[in-house]
Amino acid sequence: MGRRKKGNAIHGWINIYKPAGMGSTDVVRTVKRALKPQKIGHGGTLDPLAEGILPLALGEATKTIHYCQDALKTYIFRVKWGQQTTTDDAEGDVIYTSDMRPSAADIDALLPQYHGDISQVPPQFSAVKIDGQRAYDLAREGESVTIEPRNVYIENLTVTVHTQTETTFECLCGKGTYIRSLARDLARDLGTFGHVSFLKRASVGPLNEKSAISLDVFEKIDHSADLDTVLLPVETMLDDILALALNETEAARLRNGQSVTFVSRPDVQRLYDAGLDTLNEVNTALVTCKGKPVAITEIAGTEISPSRVFNL
């Protein structure tokens, strides 16, 4: 007989609005203490000085965290011109200064170079591992390390407010983008220095500020009565993958780790109707039964194989 899991069987996503000055792990700890779930994780760290969307996955939703991490994210950030800091944000010490302040026209002319795939070097104070150690731990010990550049993707980058001393940007970007590095590099390309003085994550995939909840909710939440008001479905982060509905017999095979093969013409037609190309490529799809998620599957030809099964 298997060991019984400790905690409450809670499955789904919670869209938290993290306040500035609080670490991501502190947010997880607060919700864990309030709900006592069997399993909990977050969908992407936010710097302590940043505020905004921090998606939390509970129970079986943790099996979809990498889809959250891969989702496009919207950031609102402000760059203070003329000063570069050790951390590339307002928390660090000033290490370089300049009297140069970029004009709105200068910034607008530069931004097209920051669209699409770009190369950037993460900040010295970052979670990047150097010989098994986090860069921020080495930086706190006074070590200056060489961090290799990496490619990141920026869908869009625009100016929303510009003054002589600061400029506010909105950025839609992919996984692994460091906004602090973006601010640092923008400043250098404009012939000055700069650092992030304000940072907010406004959206992660389908989650945004409108649907976000405050951590204050968890100071008075009643597990049985109020959980439905904050919990989003397990499949929340799977909006971008195709979905296929199966019957109970087919779903049972997937739950048992077995593949399902469509043979008859009507069954093959079900794949086409779901938008799945059964001939030319392997497709990832969410399989459901009676509207309930069953598994994330790989579909090759007419064979459906489970890759992550939901125990719901």
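The structure holds 2 aromatic pairs, where rings of Phe, Tyr and Trp (its six-membered ring) pair if their centres lie within 6.5 Å, and planes under 30 degrees apart count as stacked, over 60 as edge-to-face and the rest as tilted. Phe77 and Phe169 make a stacked pair, because their ring centres are 5.1 Å apart and their planes sit at 15 degrees. This pair links distant parts of the chain: Phe77 belongs to strand β4 (residues 73–81) and Phe169 to strand β11 (residues 166–173), 92 residues apart. Helices (H or I, at least four residues) and strands (E, at least two) are DSSP runs here, numbered from the N terminus. Both Phe77 and Phe169 are buried, where buried means under 20% relative accessible area, exposed over 50% and partly exposed in between (1.4 Å probe, protein chains only). With Tyr96 and Phe193, the ring centres are 5.3 Å apart and the planes at 20 degrees, so that pair is stacked too. Tyr96 is in strand β6 (residues 94–97) and Phe193 in the loop between α5 (179–189) and β12 (194–204), 97 residues apart. Tyr96 is partly exposed at 43% relative accessibility, and Phe193 is partly exposed at 23%.

All of this comes from a predicted model, in which local features need pLDDT of at least 70, side-chain atom pairs count only at pLDDT 80 or more, and totals for chains, interfaces and linings use all residues. Residues are numbered from 1 along each chain as its sequence is written, and side-chain values use heavy atoms, with hydrogens and water left out.

As for the overall picture, the protein has 8 helices and 19 strands, and 46% of its 312 residues count as buried. Taking contact as heavy atoms within 4.5 Å, residues 24 or more positions apart account for 69% of the contacts with a separation of 6 or more.

Phe77 and Phe169 turn up again in the largest nonpolar core, which has 25 residues; along with Leu157, Cys171, Ile179, Leu182 and Leu186, they touch the most other members. Such a core is a set of buried Ala, Val, Leu, Ile, Met, Phe, Trp, Tyr and Cys residues joined through side-chain atoms within 4.5 Å. At least two residues each come from β4, α3 (104–110), β10 (150–162), β11, α5 and β12, with α5 giving the largest share, 5 residues. Leaving aside neighbours within four places in sequence, Ile179 is in contact with Tyr75, Phe77, Cys171, Val196 and Leu199.

On the charged side, the count comes to 10 salt bridges, each a side-chain nitrogen of Lys or Arg within 4 Å of a carboxyl oxygen of Asp or Glu. Asp88, Arg184 and Asp185 are linked in a network of them. The closest N and O atoms are 3.7 Å apart for Asp88 and Arg184, and 2.9 Å apart for Asp185 and Arg184. Asp88 lies in the loop between β5 (83–85) and β6 while Arg184 is in helix α5, so their bridge ties together parts 96 residues apart in sequence. Asp88 is buried at 3% relative accessible area, Arg184 is buried at 8%, and Asp185 is buried at 17%.

Lys290 and Glu248 also meet in a salt bridge, at 2.3 Å from N to O. Lys290 is exposed at 73% relative accessible area, whereas Glu248 is partly exposed at 48%.
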